[in-house]
Amino acid sequence: MSKIQATGLQFLWIYHILFSVVFYFYLQENGGDAIRYWNLTADISQGAEGWMGYWGRGTFFIQWLNYIPSEVFGSGFLFGNVLYGFISFLGIREIYLVAVKYWPVTSSKWFEMAWLGVFFLPNLHFWSAGVGKEALLILGLGLAVKGLDNLPKFWIHLIIGVVLSFWVRPIAGLVLGGVVWVCFLLQHGISVSVKSVVSAMVLVAGFFALDRIFLAMHLEEYSLEGLRQFNAGQMEFLRGFGAGSEVPMDDYGWGNKLWTFYFRPFWGEVWDIWSLAAVVENSIGFILMIGLVLGLVYGWYRKIPIVIPRVFYAGLAVMVLMGVVYCMTLNNLGIMVRMRSTYVVFLYLSGVFVISKYVRNR
C-alpha cells in the first residue's frame, strides 16, 4: 500500500473502535437488542442451562458466542462492544485491502480522498461496532470478498464467510452464497467438470438452507401465498412496536420501496442528530449512485471501457437482492438503516470508481 492508504487504514481502525464507545452510550440512553444479546436474554426459548444450550443460528448463536465473556468472565457491556468492534473491523479491513487494489489513480487527489472517505461514512461503523449480528455479518462479507477476489488462493475464506453469514442471518447467507456461486460459474480457468461438481454441492446446500429458512418462518406451505402471509405477519409484528419511524411499505410501489430502503431518511425527515448523520450519508450515496449510472451510460455511449471490478459487481448484487428481501419484510426506517449498513459500501466504491474513470477518459 501507499503511505496514504496505510495511514488511512490505521485511522480507520481508531475511528471504528471509537464507534464502539459511541454505540455503548447510545444504547445506554435508548436501549436495544445488543444489551439483551450480551445479557443472554434476547431469546430464552431454548431454556439454555449452560454454554452449549445456547447453540443455534441467529440470536442463539450470538448468545452462544457471548456466554463465555459475559457469563463466565463477567465482562461488562462496554467490553462486549469493543470486542465486537475488533471482530467487525477484521471484515472492514478485508474489504479495504481488496478495494485498495482498484484504487482510482487520476490526475486529481480528490478522487483518491473520496475513495478513502467512503470507508469513513458512519453507517458502516455505527451498527457493526457493537454487540450484534451486523458485526459478524460484516466479518463474513469481508472474508467472502477476500475469497472472491482471489478464488484459487483464498477459497476457504470464501466458504467460511458464507457459512458464517448463514449462521448469523440465514437469508443473508443464502443470498451471499447464491451470488458467489454465479461468480464461480463465470470464473475463467475452471473446468466444466469442477464447476458441475461444485454446483451440485451448492444446490444441495441451497435446498438445505431454504428448508431451514422456511422452517424458521413457520410456513405451513411453500408457496407465494405462504410468503405473502408471512410478510403480512412480519409487517404487523413490527407495527406492534409503535416505532416513530414506521413507514407504510405495504402501500408503496417497488420504486418507492427501494428508494425508502436505500436512501431514506432524506432531507425534510430529520428528527435528531443520528437521523441528520443518516441523511448526509444518504445524500452522498444518492449522488454516487447517479454518478455510477450516468458514468456507465456515458461510457457505453462513447465506447469508453469502464469495467467495474467483478468483486464490486458481486457486492452490488448482494446489496440489491438483500434490499428486495428487506423491502418485503421491514416497515421501520431505523431498522432499514441498520440492515443496509453492511452492504452499501459497494455502491459507494463503485460510484467513485466509475466517476474517476469518466474524469480520466474525458
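Proline 69 touches Trp38, Gly74, Ser75, Phe79 and Leu83, leaving out residues up to four places away in sequence. The model is a predicted one. Proline 69 sits in helix 3, which covers residues 59-72, and at 12% relative accessibility it counts as buried. One of its contacts, Trp38, is 31 residues away along the chain, with 9.0 Å between the two C-alpha atoms.

**Nonpolar core**

- The largest nonpolar core holds 94 residues, and the members that touch the most others are Tyr96, Trp115, Phe119, Leu141, Phe312 and Leu349.
- Helix 7 gives the most to this core, with 10 residues.
- Leucine 349 is located in helix 16, residues 345-360.
- The relative accessible area of leucine 349 is 0%, so this residue is buried.
- Beyond its neighbours within four places in sequence, leucine 349 is in contact with Ala99, Trp115, Val118, Phe119 and Phe312.
- Leucine 349 lies 12 Å from alanine 314, C-alpha to C-alpha, and the two are 35 residues apart in sequence.
- Phenylalanine 312 is in contact with Ala99, Tyr102, Trp115, Phe346, Leu349 and Ser350, again leaving aside neighbours within four places in sequence.

**Helix 7 against helix 9**

- The axes of helix 7 and helix 9 come within 12 Å and cross at roughly 5°.
- That angle makes helix 7 roughly parallel to helix 9, because angles under 35 degrees are counted that way.
- On the helix 7 side the contact is made by Leu137, Gly140, Leu141, Ala144 and Leu148, and on the helix 9 side by Ala172, Leu176 and Cys183.
- The residues of this contact divide into 7 nonpolar, 1 polar and no charged.
- Leu141 belongs to this contact and is also one of the core residues that touch the most other members.

**Salt bridges**

- The count of salt bridges comes to 6.
- Aspartate 33 and arginine 36 form a salt bridge through their side chains, at 2.5 Å from N to O.
- Both of these residues lie in helix 2 (residues 33-39), 3 residues apart, which is about one turn of the helix.
- Aspartate 33 is partly exposed, with a relative accessible area of 32%, and arginine 36 is partly exposed at 37%.
- The side chains of arginine 169 and glutamate 134 also meet in a salt bridge, at 3.3 Å from N to O.
- Arginine 169 is in the loop between helix 8 (151-168) and helix 9 (170-185), while glutamate 134 is in helix 7 (residues 133-149), so the pair ties together parts that are 35 residues apart in sequence.
- Arginine 169 and glutamate 134 are both buried.
- A further salt bridge is made by the side chains of glutamate 269 and arginine 264, at 2.5 Å from N to O.
- Glutamate 269 is partly exposed, with a relative accessible area of 24%, whereas arginine 264 counts as buried at 13% relative accessibility.

**Threonine 260**

- Threonine 260 is found in helix 12, residues 254-263.
- With a relative accessible area of 0%, threonine 260 is buried.
- Not counting residues up to four places away in sequence, threonine 260 touches Val247, Met249, Tyr252, Leu333, Met336 and Arg340.

**Backbone features in loops**

- Arginine 264 is joined to proline 265 by a cis peptide bond, with omega about 5°.
- Proline 265 lies in the loop between helix 12 and helix 13 (273-301).
- Arginine 264 is therefore a partner in this cis bond as well as in the salt bridge with glutamate 269, and it counts as buried at 13%.
- Leucine 40 has a phi near 65°, a positive value in a residue other than glycine.
- Leucine 40 is placed in the loop between helix 2 and helix 3, and it is buried, with a relative accessible area of 4%.

How values were computed:
Residues are numbered from 1 along each chain as its sequence is written. This is a predicted model: local features need pLDDT of at least 70, side-chain atom pairs count only at pLDDT 80 or more; totals for chains, interfaces and linings use all residues. Side-chain values use heavy atoms; hydrogens and water are left out. Helices (H or I, at least four residues) and strands (E, at least two) are DSSP runs, numbered from the N terminus. Buried means under 20% relative accessible area, exposed over 50%, partly exposed in between (1.4 Å probe, protein chains only). Contact means heavy atoms within 4.5 Å. A salt bridge is a side-chain nitrogen of Lys or Arg within 4 Å of a carboxyl oxygen of Asp or Glu. Axes are lines fitted to C-alpha atoms, for helices over the stretch in contact, and angles run from 0 to 180 degrees between N-to-C directions. Angles under 35 degrees count as roughly parallel, over 145 as roughly antiparallel, 65 to 115 as roughly perpendicular and the rest as oblique. Ala, Val, Leu, Ile, Met, Phe, Trp, Tyr, Cys and Pro count as nonpolar, Asp, Glu, Lys and Arg as charged, and the others, Gly among them, as polar. A nonpolar core is a set of buried Ala, Val, Leu, Ile, Met, Phe, Trp, Tyr and Cys residues joined through side-chain atoms within 4.5 Å.
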